[in-house]
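Hi everyone, thanks for coming. Have a look at the slide first, and then I'll walk you through a few spots.

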Amino acid sequence: MKSIKANDGAEGVDGETIEQFESNLKGNLYKLWNRMSSGSYFPQPTRTVAILKKDGGERRLGIPSVLDRIAQTVAKFSFEPLVEPHFLGDSYGYRPGRSAHQALEVTRKRCWRYDWVLEFDIRGLFDNIDHHLLMKAVKRHTDNPWLLLYIERWITAPVQQADGRLVARDKGVQQGGVISPVLSNLFMHYAFDAWMEREYSDLPWCRYADDGLAHCRSQAEAEQLRAALEKRLHECGLEMHPVKTKIVYCKDDSRRGSYPVTCFDFLGFTFRARRSKNKWGKHFINFSPAMSNSAGKAIRQEVRSWNMPKRSDKSIEDLSGMFRAKIQGWINYYGRFYRSQMCMTLRHINSKLVWWAWRKFKKLFRHRRRAEHWLGRVAKDFPSLFPHWQIGLLPTVG
């Protein structure tokens, strides 16, 4: 129950919240245990909502009921230890003890050693996983009858659309389900990871859920791998994204060739040639990651959605309490590599705070410069109020 509460989440099709479920926790858990142990548990339809993606597209996120989330968590705790030892080291997504930063770090180092990268994206991975192949993979790792029964019921449970219609599902796993990440990783382990180890053991690769890449020694090798991988994914019922999949030349000081594609995005970072300084103070061109433009745009959009200028009823301490955790999260993630790239984006927060002060205090009303100077003095005196102030991104001080 603790893991369910930690992830929070909205209510499912039955409208029951976590708080309502906890009001009779012992009784509700007993009913669930009784139904699961007798085989009479059937998951409810999954409510779907549309989530905007950073690239402007849309992702359909499934929201199981609280009851189904608990049941899936129980199954995950039983099933994940059975498959985790079989997963390969370069699979990083949704795995215990692994992170996006680890994937980015190993990719950065390999880009220095290999001239070419095949970056691939699988179109609608969660929506297109073949149920027969998935259950075949599940059965390779367990013969537990209740796990097999309920995993199959979860992946075939209908989806409730926004208008209330129920749609049957004959492929895919619901993105948003507790057990879906480990199931998708299992499918991709056989569809890609193990295949690469078997067919291209001399080429390093990295995968995070449906985003992946492989490092190659030449353009011809990358093109051959792309054709082979496209065929392999097709055999597994999947499709490479035609736009997001590309062959990239990792251009830097020592690579003088001229090619049309010399950058790629991975996990919110753009890898491209950048001006760097070595330990002796000498500048050179280095192929490395920094926060992508699309990630910066998404952050600015979220900051605008906070409507800070209209929160004149709040104190600056209130604003800090409301938003500092989110800002710190951005710094922790995007500040890991080439931190200067995110400075412009974080300064956008200062501009919104200036507008907040401009509207809140009569003496600053219609005097933007005064508001900037006031905020600068506050930041100088109380830099711990906002995380980006602590790393030197202070407003103008008058």
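**A sheet and its rings**

Let's start with F287: its relative accessibility is 0%, so F287 counts as buried, where buried means under 20% relative accessible area, exposed over 50% and partly exposed in between, with a 1.4 Å probe and protein chains only. F264 is also at 0% and therefore buried.

Quick background: this is a predicted model, where local features need pLDDT of at least 70, side-chain atom pairs count only at pLDDT 80 or more, and totals for chains, interfaces and linings use all residues. Residues are numbered from 1 along each chain as its sequence is written, and side-chain values use heavy atoms, leaving out hydrogens and water.

Now, the aromatic pairs: rings of Phe, Tyr and Trp (its six-membered ring) pair if their centres lie within 6.5 Å, and planes under 30 degrees apart are stacked, over 60 edge-to-face, the rest tilted. There are 25 such pairs here. One of them, F192 with W205, is edge-to-face, at 5.4 Å centre to centre and 80° between the planes. Both of those residues are buried. F264 and F287 make a tilted pair, at 6.2 Å and 35°. That one links strand β9 to strand β11, 23 residues apart; strands here are DSSP runs (E, at least two residues), numbered from the N terminus.

So which order do the strands of that open sheet follow? They go β9-β10-β11, with antiparallel pairing, and two strands pair if DSSP finds at least two bridges between them. β9 and β11 are at the edges, each with a single partner strand, so one side of each has no neighbour in the sheet.

Technical notes
Helices (H or I, at least four residues) and strands (E, at least two) are DSSP runs, numbered from the N terminus.
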